[in-house]
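I opened this model to look up its salt bridges, its nonpolar cores and its strand pairing. My entries follow in the order in which I made them.

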Amino acid sequence: MTYKTLALLFTLVLSGAAVAQKGTVRGFVYDKNSGQPVMFTNVYANGTDYGTTTNDQGYFSLQLPPGKYTIVSTQMGYDTATTAIDLNPDQVINRKLYIGESSISLDAVEISADKQERQNEVRMSVQKITPKEIKAMPSVGGEPDLAQYLQVLPGIVFTGDQGGQLYIRGGSPIQNKVLMDGMIVYNPFHSIGLFSVFETDIIQTADVYTGGFGAEYGTRISSIMDIKIRDGNDKHMAGKVGINSFGAKAILEGPLVARTENNPTSISYLLSAKTSYLDKTSGLFYPYVENEEGLPFSFTDLYGRLSFNGASGSKISAFGFNHRDRVNYSNSKLAWDSYGVGTKFTLIPTSTPLLMEGAVNYTGYEIEQEEVGRRRNSAIEGFNLRLDFSYFLPKDEVKYGIHIQGFSTDFSFRNTLNRLIQEQQNTTQLAGYVRYQFKRGKFVVDPSFRLQYYASLSEVSPEPRLGIKFNATENFRLKAAGGLFSQNLISANSDRDVVNLFNGMLTVPNDIQNSFEDRNGNVRDITSRLQYAYHAILGFEYDITNSIQTNVEGYYKYFPQLTELNRYRIFEGNPPDQPDILKRDFIIEDGQAYGLDFTLKWERKNLYVWAVYSIAYVDRWDGRRTYNTVFDRRHNMNFLVNYSFGKNDSWELSGRWNFGSGFPFTQTQGFFERYDFTGNYDVDLTTAAGAQGIEYAPFNEGRLPTYHRLDINIKKYWQISLNSELQANVGVTNAYNRENIFYFDRIQYERVNQLPFLPSAGLSLTF
């Protein structure tokens, strides 16, 4: 053993001994009134330089030298909470701090927990959303919704007001993973496109990763949406009821065992239900809607949660949901159901600065669409288990865990040539990961590694990830992130569909081509059936003032292998004398997406301004030609303003303006009479009546007109009692009645527009 090795080991032992001499104070910060965790608030040892911020669960961990301290928690809008400790070497002390809303209103504060987080975490391509931000949006139908807020985030493209989908930095919806407390939600948006399945008032946080996410997330190659639902109120019964021109909702929560000063444990419940009745009332409220059938959309969302909270902060929650969606046009009917049950737990061992989290759940999703002469259906269901461990060091954090998922898929579909495609599969996916975030000087480094095993394919995917931030100054920060990502789930959508209401899913099938010729003419054998993506992102953050921040990010996503439904297939079976592209159900494509996102945020006491501009390019190569995807929007702008005024800021005015350049579409060159000779070769063309056939132009070489829309909303609040509030709101969607094209009906040769001028009103009571 060399002297250098001995010196290194000696240094490590000394540093370990130094760490061992410290003790740890950890715990949670809660809202005194509701019992909810207070996120991203400052916690520090008074009179020292030791401090930290709570995470999205209100959890903090602070390592200190032995001694007596006063631990302080403070945040703008809240009173200060303190607790005295006497810390011994290697001791772990648990504390709960309760802070209440302050009666003193401050315009600004010198200490900003959000700014500390920006300086201490890489935060590349992630938007941390709370109900406060969602409620700043003008609300369609009078109720704020996550689906509407997501549309204003950088890098996100929304394709339509009716049946639209969200596309995130060049990825299709199936490449976006949506989690709710560790549970996979396969379809998070209702068919009308204006509403998500998540009730805003029960969301705790929603973290949206548009790229470069860490190794704790896997099995998707574009983005992650991680939504956490709050626990019910463990102090007193509370709730909310609301009604508007689109639908109604109700929330009820409260304690089964209340938390008191003498009893730090509690059991609480949370129930939520919302439904729409547009299919019944749109003719009354919106008789001028062009479609004679009005707005034939309806949905129902149910959610229930039971939470057990221990004295140390450990807790376990059991929950379940059911989402139903129906669309009933005369020539197309669609129904989908999503359901799930699960449990989530947080354990805090008494003698080590370790946080253990886990989830076990079962989810399912079924969808069926019936059209004239065609029926398609898809189902997916299975279990998901995850264990995650976080270990807190003085300046570092180590996170590691294991994830297990098993699911089955059942899929039946006819392509545009009326060829039947059927798949039934079972799969199991195993993963382990480790992530080590540390800060040294001005650098914050966040390397992670995920080892993903796809059992049904017998394939292992090693996936390194890395994030780096350089705090050049207190207000200017450079950052970068990248990594490798894999996926074994594809969409059953057809790219010929003008409106993609059908959202089927299946695992990567066996019936794919054996080789692939890339856009440079190079031919390679297909040795893996997985889909892959590489992400590379560079950017910077600049705090112009304490209340004005900017963020700029440039990104490049390369998709070396994607699996898509084969639009070229014309042969049944597998004739050996025909090329793969004419006989396989699925083909291999590659693709790329790159762009630049600019964000400006201005937030003061009663003013919130959010401005976003994105420029992007997305294409695919299918072995024959390069084409732009249906969601390749070159320019996208969003401008959001929310202003509170009047006595006690009881009035609130908000507006959102969105502009987008035109989407690609396939033009029509002409029409012809089409005959089906399948199994019948003696058709008399002089007397037979053929179907109408369409001669298409090259795929997606046309561009639709630009899109722009203004939404306005005004709200009024009345404080009825300490815990009761009445809210009335009036809003207008598409305030200047812009005729934005939705799609063009080729058969009827008619233009179909998106939502017209759409007023709405609503009332809600919080108690």
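I looked up Asp 396 and found it buried, with a relative accessible area of 9%. I use buried for under 20% relative accessible area, exposed for over 50% and partly exposed for what lies in between, with a 1.4 Å probe and protein chains only. The model is predicted, so I note that local features need pLDDT of at least 70 and side-chain atom pairs count only at pLDDT 80 or more, while totals for chains, interfaces and linings use all residues. Residues are numbered from 1 along each chain as its sequence is written, and side-chain values use heavy atoms, with hydrogens and water left out.

The side chain of Asp 396 forms a salt bridge with that of Arg 440, at 2.9 Å from N to O. I count a salt bridge where a side-chain nitrogen of Lys or Arg is within 4 Å of a carboxyl oxygen of Asp or Glu. This pair links distant parts of the chain, 44 residues apart: Arg 440 is in strand S24, and Asp 396 is in the loop between strand S22 (374-392) and strand S23 (397-414). Strands (E, at least two residues) and helices (H or I, at least four) are DSSP runs, numbered from the N terminus. Arg 440 is partly exposed, at 44% relative accessibility.

I then went through other salt bridges; the structure holds 37. Glu 199 and Lys 249 meet through their side chains at 2.6 Å, N to O. They lie 50 residues apart, with Glu 199 in the loop between strand S12 (183-184) and strand S13 (203-209) and Lys 249 in strand S16 (residues 247-257). Glu 199 is buried at 6% relative accessible area, and Lys 249 is buried at 9%.

Strand S16 also holds Glu 253, whose partner Arg 230 is 23 residues away, in the loop between strand S14 (223-229) and strand S15 (238-244). Glu 253 is buried at 7%, and Arg 230 counts as buried at 13%.

I also noted a network of salt bridges that links Arg 169, Lys 469, Arg 477, Lys 479, Glu 541, Asp 543, Glu 553 and Asp 597.

Next entry: the cores. Which residues have the most contacts inside the largest nonpolar core? I found Ile 129, Leu 146, Leu 150, Phe 198 and Ile 227, in a core of 91 residues. A nonpolar core here is a set of buried Ala, Val, Leu, Ile, Met, Phe, Trp, Tyr and Cys residues joined through side-chain atoms within 4.5 Å. Strand S35 (residues 607-621) gives the largest share of this core, 5 residues. Another core lies apart from it and has 16 residues, including Val 29, Leu 64, Ala 81 and Ile 85.

I listed the contacts of Leu 150 (heavy atoms within 4.5 Å). Leaving out residues up to four places away in sequence, Leu 150 touches Ile 129, Ile 156, Leu 166, Phe 189, Val 208 and Met 225.

Ile 581 is in helix H6 (residues 580-583) and is buried, at 17% relative accessibility. Beyond its neighbours within four places in sequence, Ile 581 contacts Asn 566, Tyr 568, Arg 569, Ile 587, Asp 622 and Arg 624.

Last entry: the strands. An open sheet is formed by 5 strands in the order S8-S13-S14-S11-S12, with mixed pairing. Two strands pair if DSSP finds at least two bridges between them. Strand S8 (126-129) and S12 are at the edges with a single partner strand each, so one side of each has no neighbour in the sheet. Strand S11 (residues 176-180) and S12 run antiparallel and are joined by 2 bridges, with Met 180 opposite Met 183 in S12.

Strand S20 (residues 332-347) and strand S21 (residues 354-371) are antiparallel, with 16 bridges, and form a hairpin with 6 residues between them. Leu 347 has Met 356 in S21 as its bridge partner. S21 is also joined to S22 by 18 bridges, again antiparallel, and Asn 361 stands opposite Asn 384 in S22.
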